[in-house]
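Biologist: Can you walk me through this one? I'm new to it.
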Amino acid sequence: LVGSKFFLKWEPEGPCDSVYCVLDPILNFLTTFIPGFAAGWIEALRQNPKWLMGFLLVFLIFSWIKGRLYDKTRHLSQEAWKPVKDEIVENPETSVEVPSTLTYKIRTNPVLIRVYQNWFAKKALPVLCMLVMGLVPILLVSRIAFEVRTTAGGICEAPSRNKTLVLWESQSIKFSTKNPCHPAGIMVQKEEQYRVVVQVQEPWKDGAYGEAGPNEFPESWDSAKLALAVPARRSWSAPWFSLLGRVGANGKDRFEIGQEKIFTGKTDGPLFLFVNDAVCGWCPGDGWALPYVWGSGNSQDYDYPSPDK
């Protein structure tokens with residue numbers, strides 16, 4: 001695992017184009033919190049999912065062994081200390097000193113005890129547990145199911161014809177936010193640069209949340225409700241309803257576009273466009289894209305190689 005950065009084949013910010021890229025969004029999310037020097041290891045494992053799953057299997061095996069050894073050690077230590085504990089019970093201390101620390105005063109405060117017993121333990125804590133043990137696991141399972149389907153090519157369907165652009169050539173297309181995986185009809189080539197410019201012709205809307213745009217949702221949207229739905233968001237790292245793109249019907253070559261984007265193709269494949277909405281991974285058939293039926297709006301996209309190609 002320590003040497004994975006040096007013997008595995010990878011490139012900075014490279015794509016994960018394998019059908020085993022289920023953990024790719026989680027690893028991308030982790031890279032925002034880890035130090036920069038550790039990013040190489042995460043990228044190497046992210047782009048080599050078979051090795052990653054092998055390391056995880058070994059980790060789970062050793063964790064199971066560790067748990068068994070821990071239980072064995074705890075049992076032996078309890079047996080060793082049992083004579084000492086029996087002696088203490090037979091000869092208890094005649095006086096016990098009451099602590100005077102702030103922690104002890106808070107724990108024994110009668111007002112706080114009543115608040116905890118009558119409100120937090122009976123009302124707030126059950127609701128919190130219901131959310132954590134009910135809603136969040138359902139959203140996470142839905143997200144994992146979606147990642148399995150999208151990496152295996154079960155989400156985006158490649159068009160029969162795709163145009164390969166040459167230098168300075170542009171292609172104008174119509175795009176609707178209701179389309180969960182809009183084929184642009186353009187074949188992206190690896191190592192070539194492209195530019196996407198969005199011209200909004202009518203307001204983008206996401207159901208009851210009102211107007212939005214290619215960059216992100218308005219600040220007036222209810223951020224508290226949307227925060228609970230983040231596990232179901234198509235891309236965890238990009239803002240809600242922002243414009244995203246992906247190359248190829250398989251794999252995980254996905255990137256944020258927004259209002260305008262210059263990107264370099266990391267793999268060969270057709271270009272797809274979609275907004276960053278919620279997905280229902282466990283819904284059968286095309287049901288995974290149910291949240292997209294709320295959206296509306298068209299835009300004009302221009303894709304052409306960058307002049308510094």
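Modeller: First, a term: helices (H or I, at least four residues) and strands (E, at least two) are DSSP runs, numbered from the N terminus. The model is predicted, so local features need pLDDT of at least 70, side-chain atom pairs count only at pLDDT 80 or more, and totals for chains, interfaces and linings use all residues. Residues are numbered from 1 along each chain as its sequence is written, and side-chain values use heavy atoms, without hydrogens and water.

Biologist: How many helices and strands are in the protein?
Modeller: Seven helices and eleven strands.

Biologist: And what share of the residues is buried?
Modeller: 34% of the 309 residues. Buried means under 20% relative accessible area, exposed over 50%, partly exposed in between (1.4 Å probe, protein chains only).

Biologist: Where does Val132 lie?
Modeller: In helix H6, residues 110-151. Val132 is partly exposed, at 48% relative accessible area.

Biologist: New topic. What is the phi of Glu191?
Modeller: Near 70°, a positive value in a residue other than glycine. Most residues other than glycine have a negative phi.

Biologist: Where is Glu191?
Modeller: In the loop between strand E2 (182-188) and strand E3 (193-200). Glu191 counts as exposed because its relative accessibility is 54%.

Biologist: What about the phi of Phe241?
Modeller: Phe241 has a positive phi too, near 65°. The residue sits in the loop between helix H7 (223-228) and strand E6 (243-247).

Biologist: Is Phe241 buried or exposed?
Modeller: Buried, with a relative accessible area of 1%.
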